[in-house]
Amino acid sequence: MENWDRIREKLQILADAAKYDVSCSSSGSKRANTEKGLGNTTGMGICHSYTEDGRCVSLLKILLTNYCIYDCAYCVSRKSNDIKRAGFTVEEVVALTINFYRRNYIEGLFLSSGIFKNADYTMERLVRVAKKLRTEHRFNGYIHLKTIPGASDELMNEAALYADRLSVNIELPTETSLKQLAPEKNYHDIMKPMAYLQQGITARVEEKQGVYKAPAFAPAGQSTQIVIGATPETDQHIMTLADTLYKNFKLKRVYYSGYVPITSSDHRLPVIGTPVPQIRENRLYQADWLTRFYSFSVEELVDQHHPQLDLDIDPKLSWALRNPHCFPIDINKADYHLILRIPGIGVGSALKIREARKFRKLSWEHLKKIGVAFNRAKYFITCDSATHFHRDMNPDALRHQLLAQSKYAKGLSSQMSLFQ
Ligand code: SF4
């Protein structure tokens, strides 16, 4: 291995370049070490991700290289961008992973890469890292590999044998936008590996039911990332695409990455002075959650009359205010799936309500104890005590009132923090 100073420099460059891939979320923390302190979180590429069973794991998140033959306008590593370049060897990434793992810094690896020479040449190296870790070092930690569009089925197959999760980034919401901002890429090269993985994962699940020890095949599934705000597609467009990907390719997660304006501007990109507001990403994640776990359809949350998610209020509240005829919902009688639609009631509270009402009629007091966000939910429900719901309730007035309440609560909490 080259000397440590050079490795350290490469690590800084390649960890920094990897932070734009949100398909495993970075801590983004910048706490430096103090004279007598232990460790720091500065620029060394350690991020946190969640495993299938909800465990939070620390990952070494790096690129194999930020050299790239492609010129995707939104990407800091694009070939026309004048930045410092670096590349690890396969052996260096393996050694770093093992080293960090032994020191207890990380529990796994997230490895992505710019494309050098061609898709297969790059993918073969990514696979070699995972293979070496698994077979030569018997590494059992988590491995997430980003796949390279256009890589062969054979390499995808090998990647799935050694990695826990694979991601195939779709990047932009339409083929037209892809052509405009990432001219060397096309949807076919992106969808093909996604379909290949989906078939392989499904086949392996079926095999495992019959054969006791069928080898693993991307056991943590596949994910993708969509860049938002670099092109004009609406939230309706983005959510419809995400829904199709979940249904057709059985993705575990779609990640939404707000476009970050990069230093040297590219004429293909919109002139955006500030990054896409974080709240737009948050609203997309909330809406994504509602479609996957709360039985909402995309059309209920966004449609041609409301193509953008409301940035001021969450998507469930927004839907409730647009559909006052669905309320009030009787907490003691309504079907579980209807209870899930009440603003202020999450899956945990809905399950508790379903259990508790088997034994007694529930009142406001019971709901508060269960953990319902009462200040919000009370306008949409009836239960075994007084009602706060008024049939002639004006949705605009209620929206105004709830917004004022939440601003007041935020103001209070920031005042409190001044005294902590
Ligand atoms: S192929 Fe990947 S690394 Fe290369 S410019 Fe495009 S997004 Fe960036």
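Glu171 is buried, because 22 other C-beta atoms lie within 10 Å. Buried here is 20 or more other C-beta atoms within 10 Å of a residue's own, exposed is 12 or fewer, and partly exposed is in between, with C-beta atoms placed from the backbone. This is a predicted model, where local features need pLDDT of at least 70 and side-chain atom pairs count only at pLDDT 80 or more, while totals for chains, interfaces and linings use all residues. Residues are numbered from 1 along each chain as its sequence is written.

Glu171 sits in the loop between strand S5 (165–167) and helix H5 (175–181). Helices (H or I, at least four residues) and strands (E, at least two) are DSSP runs, numbered from the N terminus. Glu171 is not a glycine, yet has a positive phi of about 70 degrees.

Lys117, also not a glycine, has a positive phi of about 65 degrees. Its loop runs between strand S3 (108–112) and helix H3 (119–136). Is Lys117 buried or exposed? Lys117 counts as exposed, because it has 11 C-beta neighbours inside 10 Å.

Next, the backbone at Pro328. A cis peptide bond joins Phe327 and Pro328, with omega about 5 degrees. Pro328 belongs to the loop between helix H10 (315–322) and strand S8 (329–330). For background, most residues other than glycine have a negative phi, and most peptide bonds are trans.

Last, strand S7 (residues 253–258). Of its 6 residues, 5 are buried, so S7 is largely enclosed by the rest of the structure. Strand S6 (residues 222–228) pairs with S7 in the parallel sense over 6 bridges; pairing takes at least two bridges found by DSSP. Ile226 is opposite Tyr256 in S7.
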